[in-house]
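Keep the viewer open and follow along.

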Amino acid sequence: MKNKILAIAATAGTAILGSSVFSTPAQALTQTQDVTINYTVPEILYLRTFQTVNMTLDANLLGATLTAQGSGFVGKDYDPTNPTVNIDPVTGNADVTLDQTSPFGNLAAIQQSIPELYAVWSNSTGTVDVNLTSTPLTEVGGKTIAVNSITPTVDNFAAPGLDTPQIGGADLDLDLTNATVMGIYTGTITVDVSTP
């Protein structure tokens, strides 16, 4: 008898428990809200240049016909004004003198270019200004090449962002009048970039 009562109680408990487990739950409550995020990106300006630029004078810029020979160049011509000279047999004097005009054109204004000198990344909302300056170029013996002017090939450009940079070079106007000896002439180019 006692076992029957326990069995009935167990069955009833299971039924009650089962009905509570499988009954429809009460409606869940939900709520949403947007949150503002302020993520500040500061202004960034980044400059990349070469540490050293090695250049060699293009002999064609000198205006004379020169032929490469070994590590240098050679050239020749006949006097353009008086190709023939007559020597007086009595006095030994010549009737003309050699033309001393340089065959090398305007040494005071030799134009050279550096195709790529600087790369600039900037996320500025304005433009980027590039300013180039240069010292004279000097060789070990003290002879110099004056830099008449140096100008950037790309200047006052819209900030390119931080992914793809703006690339620019330099155009140089050089005075080789005092570069009277061969050799390596060394100076410094300063690249200055700025945003407003």
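## The sheet and what surrounds it

Start with strands β4 (residues 110-122) and β9 (residues 161-175), which run antiparallel and are joined by 9 bridges. Keep in mind that this is a predicted model. To find the pairing on screen, look for S113, which sits opposite D171 in β9.

On to the next neighbour. β9 also pairs with strand β7 (residues 144-152), again antiparallel, over 6 bridges. Here a handy landmark is V147, whose bridge partner in β9 is L174. Back at β4, there is an antiparallel pairing with β1 over 5 bridges, and T49 stands opposite Y118 of β4.

Put together, 5 strands make an open sheet with antiparallel pairing, in the order β1-β4-β9-β7-β6. Which strands stand at the edges? They are β1 and β6 (137-138), and because each has a single partner strand, one side of each is left without a neighbour in the sheet.

| Strand pair | Sense | Bridges |
|---|---|---|
| β4 and β9 | antiparallel | 9 bridges |
| β7 and β9 | antiparallel | 6 bridges |
| β1 and β4 | antiparallel | 5 bridges |

Now for the side chains. The model has 1 aromatic pair. Y46 and W121 make up this pair, edge-to-face, with 5.8 Å centre to centre and 75 degrees between the planes. The two come from distant parts of the chain: Y46 belongs to strand β1 (residues 45-49) and W121 to strand β4, 75 residues apart.

Next, the packing. The largest nonpolar core has 21 residues, and L117, L132, A170 and L174 are the ones that touch the most other members. β4, β5 (127-134), β7, β9 and β10 each supply at least two residues of this core. β4 gives the most, with 5 residues.

The largest pocket has a volume of about 1,500 Å³. Its lining takes in 39 residues, and those nearest the centre are M55, T56, L57, G183 and Y185. What is the make-up of that lining by class? It has 25 nonpolar and 14 polar residues, and no charged ones. β3 (72-74), β4, β9 and β10 (189-194) each supply at least two residues of the lining, with the largest share, 4 residues, coming from β4.

Finally, a couple of spots in the loops. L62 is found in the loop between β1 and β2 (67-69), and at 12% relative accessibility it counts as buried. The C-alpha atoms of L62 and L107 are separated by 7.1 Å, although the two residues are 45 apart along the chain.

The other spot is N156, in the loop between β7 and β8 (157-158). Its phi is near 50 degrees, a positive value in a residue other than glycine. For context, most residues other than glycine have a negative phi.

Terms used: Residues are numbered from 1 along each chain as its sequence is written. This is a predicted model: local features need pLDDT of at least 70, side-chain atom pairs count only at pLDDT 80 or more; totals for chains, interfaces and linings use all residues. Side-chain values use heavy atoms; hydrogens and water are left out. Two strands pair if DSSP finds at least two bridges between them. Rings of Phe, Tyr and Trp (its six-membered ring) pair if their centres lie within 6.5 Å; planes under 30 degrees apart count as stacked, over 60 as edge-to-face and the rest as tilted. On a 1 Å grid over the protein atoms alone, a cavity is a set of points where a 1.4 Å probe fits but cannot get out, and a pocket is an open set with protein on both sides within 12 Å along at least five of seven lines; lining residues have an atom within 4 Å of a point. Grid points are joined across faces, edges and corners, and a volume is the space filled by probe spheres set on the points. Ala, Val, Leu, Ile, Met, Phe, Trp, Tyr, Cys and Pro count as nonpolar, Asp, Glu, Lys and Arg as charged, and the others, Gly among them, as polar. A nonpolar core is a set of buried Ala, Val, Leu, Ile, Met, Phe, Trp, Tyr and Cys residues joined through side-chain atoms within 4.5 Å. Buried means under 20% relative accessible area, exposed over 50%, partly exposed in between (1.4 Å probe, protein chains only).
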